[in-house]
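Please examine the sequence and the model shown below.

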Amino acid sequence: MRIGVLAVQGAFVEHAEMIEKLGHEAVEIRKPSHLSNIEGIILPGGESTVQTCLLNRLHMTEILQEKIQMGLPVLATCSGLILLAEKLDNDNLDSLKTMPVSVKRNAYGRQVASFVTSGNFSDMEDVPMVFIRAPYITEVGSETEVLAEYKGNVVAAKYKNQLGLSFHPELTEDTRIHRYFVDEMCK
């Protein structure tokens with residue numbers, strides 16, 4: 001299976017390594033032509049404002065938005081979740097807006113407030129969760145399924161072909177979330 005990893009900014013190398021650990025091909029996405037012949041895409045964590053500017057400059061925003069709306073499976077972590085969100089509570093960033101959720105940027109504070117914990121994700125227990133200047137989801141649409149919470153805040157949700165996470169599973173050794181994405185959403 002060929003899984004694209006948006007490679008314009010952020011933690012894309014770690015996601016590619018996870019996909020390859022699972023025995024699949026990771027394709028770094030840096031321009032519109034790279035979006036063809038992939039069976040899923042990962043939007044990594046990084047800086048959402050920079051990622052949005054780069055997607056626009058590289059003429060990838062509309063193409064990526066259309067592919068996601070047409071059913072391309074997407075795993076979005078941290079700033080990737082911000083890119084997917086239809087609404088941001090504390091910003092007016094204009095990005096992909098394909099997932100019916102509202103998100104609060106930097107909800108847990110600045111970089112120094114980053115932390116690691118573990119929790120339940122879907123039917124998995126003790127999943128490691130790395131939060132770095134993380135957002136969380138403040139509202140979910142009626143067809144959006146909550147997959148994980150931390151201290152009463154939604155930190156993972158699924159909407160059709162879109163999986164949005166507040167945390168970074170790629171910064172751990174645990175491949176279960178990437179396996180869930182590939183096995184459950186990219187089939």
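## The largest pocket

The largest pocket has a volume of about 200 Å³. A pocket here is an open set of points, on a 1 Å grid over the protein atoms alone, where a 1.4 Å probe fits, with protein on both sides within 12 Å along at least five of seven lines; lining residues have an atom within 4 Å of a point. Volume is the space filled by probe spheres set on the points, which are joined across faces, edges and corners.

Among the 15 lining residues, G46, E47, C78, I132 and R133 are the closest to the centre. The lining comprises 5 nonpolar, 7 polar and 3 charged residues; Asp, Glu, Lys and Arg count as charged, Ala, Val, Leu, Ile, Met, Phe, Trp, Tyr, Cys and Pro as nonpolar, and the others, Gly among them, as polar.

## Helix α1

In α1 (residues 12-21), F12, H15, A16, M18 and I19 are buried, that is, under 20% relative accessible area with a 1.4 Å probe, protein chains only. Helices are DSSP runs of H or I with at least four residues, strands runs of E with at least two, numbered from the N terminus. Just after α1, G23 has a positive phi of about 90°.

## Basis of the model

The model is predicted: local features need pLDDT of at least 70 and side-chain atom pairs pLDDT 80 or more, whereas totals for chains, interfaces and linings use all residues. Residues are numbered from 1 along each chain as its sequence is written, and side-chain values use heavy atoms, leaving out hydrogens and water.

Terms used
Buried means under 20% relative accessible area, exposed over 50%, partly exposed in between (1.4 Å probe, protein chains only).
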